[in-house]
Amino acid sequence: GSAAVGERVIVVDGGENFWPQCSTAEALAARGKRVELLSPGMWVGAEINSGFIPLLYRRFREGGIRLTPQVRLAAVEDGAVVVADVFTGERRRIDGVDTVVLAMGSVADDGLYHALKGRVAELHAVGDCVAPRRLDAAVREGFLAGQAI
């Protein structure tokens, strides 16, 4: 929320092909930015449940978000990015770029766990507190923690 973002924005998916990258693109488009979402996946959001894709793609179109699948970021240059095709390696330059957003990688948020450690009788770390992953991992760990209690 505090970063200065130009009018023409490239959002780079580092390979997760999931909700955070798509949500980032949508949030920027909602702020009136011209957004292009790059993804190495066969299609943007390839790891999202296929039942959500029609609605997601409708929102992309309504927001004017350009989707560029099957590419990896190769370089960031002054006012441009260079992408490489994931299959051929062929490079292409995208000019007129004001801002590049790297929507890749996540960090565990374990602050609450460490704040409570040693202060409560029993404490279990689950979900993104352990490592950023999908919901099914958090549900499983929560179930196992519940069984342990």
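This is a predicted model: local features need pLDDT of at least 70, side-chain atom pairs count only at pLDDT 80 or more; totals for chains, interfaces and linings use all residues.
User: Hello! What makes up the secondary structure of the protein?

Analyst: Welcome! The protein has four helices and seven strands. Starting at the N terminus, the order of the elements is β-α-β-α-β-β-β-β-β-α-α.

User: Why is the protein called more spread out than a compact globule?

Analyst: Its radius of gyration is 19 Å, while the globule rule gives 15 Å for 149 residues; the value is well over the rule, so the protein is described as more spread out than a compact globule. Along the principal axes, the C-alpha trace spans about 55 × 35 × 30 Å.

User: How much of the protein counts as buried?

Analyst: The share is 32% of the 149 residues.

User: What share of the contacts join residues at least 24 apart?

Analyst: Among contacts between residues at least 6 apart in sequence, that share is 58%.

User: Let's turn to single residues. Where is Glu 36, and is Glu 36 buried or exposed?

Analyst: Glu 36 sits in strand 2, which covers residues 34-38. Its relative accessible area is 1%, and buried means under 20%, so Glu 36 is buried.

User: How do you know that a polar contact joins Glu 36 and Thr 68?

Analyst: The contact between their side chains is 2.5 Å, and the cut-off for such a pair of N or O atoms is within 3.5 Å. That value therefore falls within the limit, and the pair is called a polar contact. Beyond its neighbours within four places in sequence, Glu 36 is in contact with several residues, including Arg 8, Arg 66, Thr 68 and Arg 92.

User: Why is Arg 8 called buried?

Analyst: Arg 8 has a relative accessibility of 11%; the limit for buried is under 20%, so Arg 8 counts as buried. Arg 8 lies in strand 1, residues 8-13. With neighbours within four places in sequence left aside, its contacts include Arg 34, Glu 36, Ile 94 and Asp 98.

User: What makes Glu 62 count as exposed?

Analyst: Its relative accessibility is 64%, and exposed means over 50%, so Glu 62 counts as exposed. Glu 62 belongs to helix 2, residues 53-62.

User: What is phi of Asn 17, and where does Asn 17 lie?

Analyst: Phi of Asn 17 is near 50 degrees, which is a positive value in a residue other than glycine. Asn 17 lies in the loop between strand 1 and helix 1 (19-30). At 8% relative accessibility, Asn 17 falls under the 20% limit and therefore counts as buried.

User: And why is Gln 70 called partly exposed?

Analyst: Gln 70 has 23% relative accessibility. Partly exposed covers the range between buried, under 20%, and exposed, over 50%, so Gln 70 counts as partly exposed. Gln 70 is in the loop between strand 3 (66-68) and strand 4 (71-77). Phi of Gln 70 is near 65 degrees, again a positive value in a residue other than glycine.

User: Last one: how far apart are the mean positions of the positive and negative charges?

Analyst: The mean positions of the 17 positive and 19 negative charges are 2 Å apart.

Definitions and conventions. Residues are numbered from 1 along each chain as its sequence is written. Side-chain values use heavy atoms; hydrogens and water are left out. Helices (H or I, at least four residues) and strands (E, at least two) are DSSP runs, numbered from the N terminus. The radius of gyration is taken over C-alpha atoms; the globule rule is 2.2 Å times the number of residues to the power 0.38. Buried means under 20% relative accessible area, exposed over 50%, partly exposed in between (1.4 Å probe, protein chains only). Contact means heavy atoms within 4.5 Å. Lys and Arg count as positive and Asp and Glu as negative; His and the chain ends are not counted. The place of a charge is taken as NZ of Lys, CZ of Arg, CG of Asp or CD of Glu. A polar contact is a pair of N or O atoms within 3.5 Å; within protein, one must be able to donate a hydrogen and the other to accept it, and residues adjacent in sequence count only if both atoms are side-chain atoms.
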